[in-house]
Amino acid sequence: MKITALRAYALEVATRLDITPAVKTLSHQICVVEIDTDEGITGHGLTTIGLARPIKEMVLSDAAPLLVGQNPLAHEKLFDRLYWGLTPKGQTGTGMHALSAIDIALWDIKGKALNMPIYQLLGGARDKCQLYATFGFGAYDKGELAEAAIAWREAGFHRLKMTVANGGLKRRDEPRPLKELIEEDVRRVAAVREAIGADAELFIDANCSLDLYHAQELCEKLEPFGIEFFEEPITQNDVRAMADLRTRTSIRLACGQNEAQPYRFRDLLIAGAVDILQPNVAISGGFTQCQKIAALANSFHISIDNGGAWPYANMHLQAGLGNGGLVEYHASSVGVCQQIYIGLPEIKDGFMPLPDKPGLGYDLDVAALARFEL
């Protein structure tokens, strides 16, 4: 089998959060990649967080010449070829995003060629994943947050995640100081905890928006609310600051979804900076690299969870590996996926069943993509 062509689409897809009367609209830029083979098998993958147009250009201009004519099943060979072609000095950013989308598509081809779902190719540790719902976005005010939290509980979720420190350091030049933002976060978290009850698990995510001082202050104020983990509390996932914070709080710390080089995960583990690693196949190098990151985590007796959204790709990693964990049912990214994919699995009682179809187990709705192209 040989690769014959690559296609890439730079998309911006908006989704409506309508689980409460306070309807909100959020949008995501994503780059979707398709890879054709001479045996009629086509695989698809995606990446996100980065700007979609330059990623698309890199896929078409730089990656395609490295792949056309190659065996798509030789994922280690192709990963190495792409690594040195797209990130020759170990850069993160556009090159690793392009590589991630391509690698997912290659594994989709492999699964289809072998008539197996990707999670079974990775090890088949479980056939369904436990979910947590990311719902508590900054667009909601305190009252709306509580309403949304109740609605998600009624939808069968007892693990819920909300954002904190919205804007954080990015807003440091505004008249309102970070301390005031933290006090607002305390009120917002208190409202959600009251709404969902003591038996529900509550996670928070600062999206790398705080320095060590303010992250520690927020942890101290939120410890009474029983936070299960604090995701990306520190700007740039600063390893030394994360390790320092971990010694100062009882809240478990998590990060990794926006990292794309394995040495960054190594450094987090060696420094004792995290309780949970969160490699994301759409960002951190696809399945080829993420399974190695998971193995590294396992050697430190650290579990992995899905952070950074895009559950329909990440469910395969979490279900396939023995130390896989929770899958993030990120409300807005799920809404995006529902507009561009066909045959997505249906959730049930807070679980995501893995598809028995080969590859990713769902199809790209190519006809729908034109509506969203940048």
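Two strands count as paired if DSSP finds at least two bridges between them. With that in mind, let's walk through this predicted model, starting at a pair of strands. Strand 2 (residues 24-37) and strand 3 run antiparallel to each other, joined over 7 bridges. Within this pairing, Ile 30 stands opposite Thr 48 in strand 3. The two strands form a hairpin with 4 residues between them, and Gly 40 in the turn has a positive phi of about 80°.

Now step back to look at the whole chain. The protein chain has 13 helices and 14 strands. Its radius of gyration is 20 Å, close to the 21 Å that the globule rule gives for 374 residues, so the chain is as compact as a globular protein of that length. Along the principal axes, the C-alpha atoms fill a box of roughly 60 × 40 × 40 Å. Of the 374 residues, 58% are buried. If you consider contacts between residues at least 6 apart in sequence, 71% of them join residues at least 24 apart.

With strand 13 (residues 351-353) it runs antiparallel, joined by 3 bridges, and here Cys 129 has Met 352 as its bridge partner. With strand 11 (residues 327-330) the pairing is parallel, over 4 bridges, and Leu 131 is partnered by Val 327. Strand 5 (residues 159-163) also runs parallel to strand 4, with 3 bridges between them, and Ala 133 stands opposite Leu 160 there.

A pair of aromatic rings is described by the distance of the centres and the angle of the planes. The model holds 10 aromatic pairs. One of them joins Tyr 83 and Trp 84, which lie edge-to-face at 5.3 Å centre to centre, with 85° between the planes. Trp 84 counts as exposed, at 52% relative accessibility. Another pair is made by Tyr 132 and Phe 203: their ring centres are 5.2 Å apart and their planes meet at 80°, so this pair is edge-to-face. It links distant parts of the chain, with Tyr 132 in strand 4 (residues 128-136) and Phe 203 in strand 6 (residues 201-205), 71 residues apart. Is Tyr 132 buried or exposed? Tyr 132 is buried, and so is Phe 203. Ring pairs also bring in Phe 229, which forms a cluster with Tyr 132 and Phe 203.

Rings meet charges here as well. Lys 128 lies over the face of Phe 351, at 4.5 Å from the ring centre. The charged end of Lys 110 sits over the ring of Trp 107, 5.8 Å from its centre.

Next, turn to the helices. In helix 3 (residues 94-114) you will find Ser 100, which is buried with a relative accessible area of 0%. Its side chain reaches the backbone oxygen of Met 96 at 2.8 Å. Leaving aside neighbours within four places in sequence, Ser 100 is in contact with several residues, including Thr 47, Val 281 and Gly 286.

Helix 8 (residues 239-246) has Val 239, Ala 241, Met 242, Ala 243 and Leu 245 buried. The buried residues of helix 8 pack against helix 7 (212-222), strand 8 (252-255) and helix 9 (262-270). At the N-terminal end, Asp 238 caps helix 8, with a side-chain oxygen 3.1 Å from the backbone nitrogen of Arg 240.

Finish with two residues and their places in the fold. Arg 53 is found in helix 1 (residues 52-67) and touches Ala 10 and Leu 374, not counting residues up to four places away in sequence. Ala 367 belongs to helix 13 (residues 366-369) and is exposed, with a relative accessible area of 70%. From Ala 367 to Ala 295 it is 38 Å in space, C-alpha to C-alpha, and 72 residues in sequence.

Methods:
Residues are numbered from 1 along each chain as its sequence is written. Side-chain values use heavy atoms; hydrogens and water are left out. Rings of Phe, Tyr and Trp (its six-membered ring) pair if their centres lie within 6.5 Å; planes under 30 degrees apart count as stacked, over 60 as edge-to-face and the rest as tilted. Buried means under 20% relative accessible area, exposed over 50%, partly exposed in between (1.4 Å probe, protein chains only). A charge sits over a ring if NZ of Lys or CZ of Arg is within 6 Å of the ring centre and within 35 degrees of the ring normal. Contact means heavy atoms within 4.5 Å. A polar contact is a pair of N or O atoms within 3.5 Å; within protein, one must be able to donate a hydrogen and the other to accept it, and residues adjacent in sequence count only if both atoms are side-chain atoms. The radius of gyration is taken over C-alpha atoms; the globule rule is 2.2 Å times the number of residues to the power 0.38.
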